[in-house]
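The stops below go from the whole chain down to one residue.

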Amino acid sequence: MQSMMASSPPKAGVEVFERILAAPGGLVVLEGGDSSVLLNDFRAIARHTGQAVYLWQPGLGLGSLRDAQARVPGCQRLGNALRYMQQSMHFGIYLLSDLELPLSSMDATLLRQLARAPSGYVRRVVLLDAPQALVDHLGEAAVRISSWLDLPVRPRLRDGRWVV
């Protein structure tokens, strides 16, 4: 039998996820950290909360983190996936991993348009391990968020003893 603590999403991943949701723009560059650990954290969050979190990877296309078997048809190419994200009217966090440069001018334009998405609904496009040249090219259009947490270590009372 699994305990409740084991089924809860990781705290570090939740903190980063909440910062992504609170970002003022539609395009977020996640800087630092281990992307494979963050993906596992986001997968746990998606399964625990039921949130719509997707991952796009070259060769694999766009798929749900909540259900590993669920793929979005017709989104193998980056341009098609970006158009899908742009047309979606629903809540969604879209993680883009392993982007290869150079991006086509259409893909770069779509990323800029997603950065200025209407604020009526939450849709975030998150670049994981983005090449520095792309981050520089996007400039102020993208919101930069660090995946490193500066959480203070607070002592907790466990079994009558204070632990850190």
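**The whole protein**

Show the surface first: the protein exposes about 9600 Å², and carbon and sulfur atoms supply 53% of this area (Shrake-Rupley method with a 1.4 Å probe; for residues, only the protein chains shown count as cover). This is a predicted model, in which local features need pLDDT of at least 70 and side-chain atom pairs count only at pLDDT 80 or more, while totals for chains, interfaces and linings use all residues. Residues are numbered from 1 along each chain as its sequence is written, and side-chain values use heavy atoms, leaving out hydrogens and water.

Switch to cartoon. There are six helices and eight strands (DSSP runs numbered from the N terminus: helices are H or I, at least four residues; strands are E, at least two).

**The sheet**

Select the open sheet of six strands, with order β3-β2-β4-β5-β1-β6 and mixed pairing (two strands pair if DSSP finds at least two bridges between them). Which strands stand at the edges? They are β3 (61-64) and β6 (143-146); each has a single partner strand, so one side of each is left without a neighbour in the sheet.

Next, select β1 (residues 27-31), which runs parallel to β5 and is joined to β5 by four bridges. L30 has L128 in β5 as its bridge partner.

**One residue**

Finish at V126, in strand β5 (residues 123-128). V126 is buried, at a relative accessible area of 0% (buried means under 20%, exposed over 50%, partly exposed in between; 1.4 Å probe, protein chains only). Beyond its neighbours within four places in sequence, V126 is in contact with I20, V28, L30, I93, Y94, L95 and L96 (contact means heavy atoms within 4.5 Å).
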